[in-house]
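Reader: I'd like to learn how to read side-chain packing in a model like this one. Could we go through it together?
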Amino acid sequence: MLAPLFAAVMAVSAACDLEHPSGRPGCTAAAVDALKINRLQVVGTHNSYKMAIAPKEMGLIRAAAPKVAPTLDYGHLPLTQQLQQGARQLELDIVDDPGAGGLYATPLGRKVMHVPDIDYRSVCPLFTGCLAEIRAWSRAHPQHVPILILLNLKEDSLTLAGAVQVPLFDPAAMDAVDKEIRSVFPEAELITPDKVQGRFPTLRAAVAAGAWPTLKAARGKVMFALDAPPDQVARYRQNRKTLEGRVMFVNVDEASPAAGYITLNEPEALQARIQAAVKAGLIVRTRADADTVEARANNRKPQVAAFASGAQYVSTDYMSPDPRFGPYETHLPGGGVARISPVQPDR
């Protein structure tokens with residue numbers, strides 16, 4: 001006899017749109033809702049808040065840093081429109097603005113921007129404003145598959161005269177990030193490390209045992225992941241064994257007791273590692289393209305590798321083509337918003 005979860009996976013067609021299963025062959029609502037969320041695959045966006053740099057400013061950047069300029073030459077639609085297009089992973093870069101505020105000549109709070117001083121235009125300048133927009137869309141579409149929101153904490157400053165000196169996220173600032181998330185999203189709408197870990201001794205043990213929520217339980221919810229280097233992750237975890245009380249999952253080594261999520265952004269070079277992480281129960285984010293390189297060359301090989309890797313969240317800068325570069329764009333193979341991942345966890 002097939003185990004119930006395996007039977008549910010086998011009952012769902014690979015062509016099934018997991019967000020809108022009604023009326024599709026081999027796509028029954030009951031079987032879809034029984035799936036755990038680490039069994040799906042969706043498309044997301046990179047630096048989702050980023051607006052294009054103004055032409056005159058881009059000209060100055062090209063003159064000063066000709067190798068850097070092409071990597072910054074992209075932008076996105078407002079978050080609501082990206083969600084309407086089918087993005088189910090969004091990425092926000094935030095900087096801290098302690099004290100009285102005004103460090104970036106914008107309103108008080110943690111700000112959303114790519115590179116202070118040169119790439120600062122955002123579709124939603126305040127962190128809580130971005131979150132409020134996402135929540136408004138989520139509330140209007142309560143059957144959506146879970147949305148992953150990645151956070152990068154920006155701490156680098158430009159080495160230019162007059163450039164703003166970006167502060168580090170100290171423990172108080174880390175706590176404030178969680179507080180601002182909870183100020184927008186109530187507990188019932190969040191998938192948190194504590195909820196996944198449950199009674200297991202570590203988060204890593206929980207995901208290895210298949211403790212992710214079912215799609216039925218996760219519809220209409222969001223989860224956050226801190227995509228950060230080890231020193232920032234350590235500041236966020238502080239003295240915790242895993243992530244007790246924290247809102248965000250963290251990008252850590254697969255063997256860590258806090259492992260539940262990992263960023264592996266090179267789908268060709270890291271194909272085997274991504275597949276192993278998925279099989280071990282982790283949720284993985286990878287990228288179909290980066291720095292406008294693939295779009296300019298219409299190179300879809302990394303995109304194909306990204307989807308084949310089984311990573312649950314495949315990020316792109318091109319849900320629609322940039323007409324300056326050509327036809328390159330990224331969509332879920334077979335269409336739809338969410339599908340069964342081609343690589344499945346062992347449990």
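Predicted model: local features only at pLDDT ≥ 70, side-chain atom pairs only at ≥ 80, totals over all residues.

Reader: How many aromatic pairs does a search of the whole structure find?

Author: Rings of Phe, Tyr and Trp (its six-membered ring) pair if their centres lie within 6.5 Å; planes under 30 degrees apart are stacked, over 60 edge-to-face, and the rest tilted. The search finds three such pairs. One of them, Phe185 with Phe224, is edge-to-face, at 5.9 Å centre to centre and 70° between the planes.

Reader: Why does the pair of Phe185 and Phe224 tie together parts that are apart in sequence?

Author: Helices (H or I, at least four residues) and strands (E, at least two) are DSSP runs, numbered from the N terminus. Phe185 lies in the loop between helix 6 (171-184) and strand 5 (190-191) and Phe224 in strand 6 (residues 222-226), so the pair joins parts 39 residues apart in sequence. Both Phe185 and Phe224 are buried; that means under 20% relative accessible area, with exposed over 50% and partly exposed in between (1.4 Å probe, protein chains only).

Reader: Which residues touch the most other members of the largest nonpolar core?

Author: In soluble globular proteins, nonpolar side chains tend to be buried together. A nonpolar core is a set of buried Ala, Val, Leu, Ile, Met, Phe, Trp, Tyr and Cys residues joined through side-chain atoms within 4.5 Å. The largest has 87 residues, and Leu18, Ile181 and Phe224 touch the most other members. Strand 4 (residues 147-153) contributes the most to this core, six residues. Another core, of five residues, lies apart from it and includes Ile53, Ile61, Ala69 and Leu72.

Reader: What does helix 13 pack against?

Author: In helix 13 (residues 301-308), the buried residues include Pro302, Ala305 and Phe307. Contact means heavy atoms within 4.5 Å, and the buried residues of helix 13 pack against elements including strand 1 (40-45), helix 11 (271-279) and strand 9 (283-287). After helix 13 comes Gly310, with a positive phi near 90°.

Methods:
Residues numbered from 1 in each chain as written. Heavy atoms only, no water.
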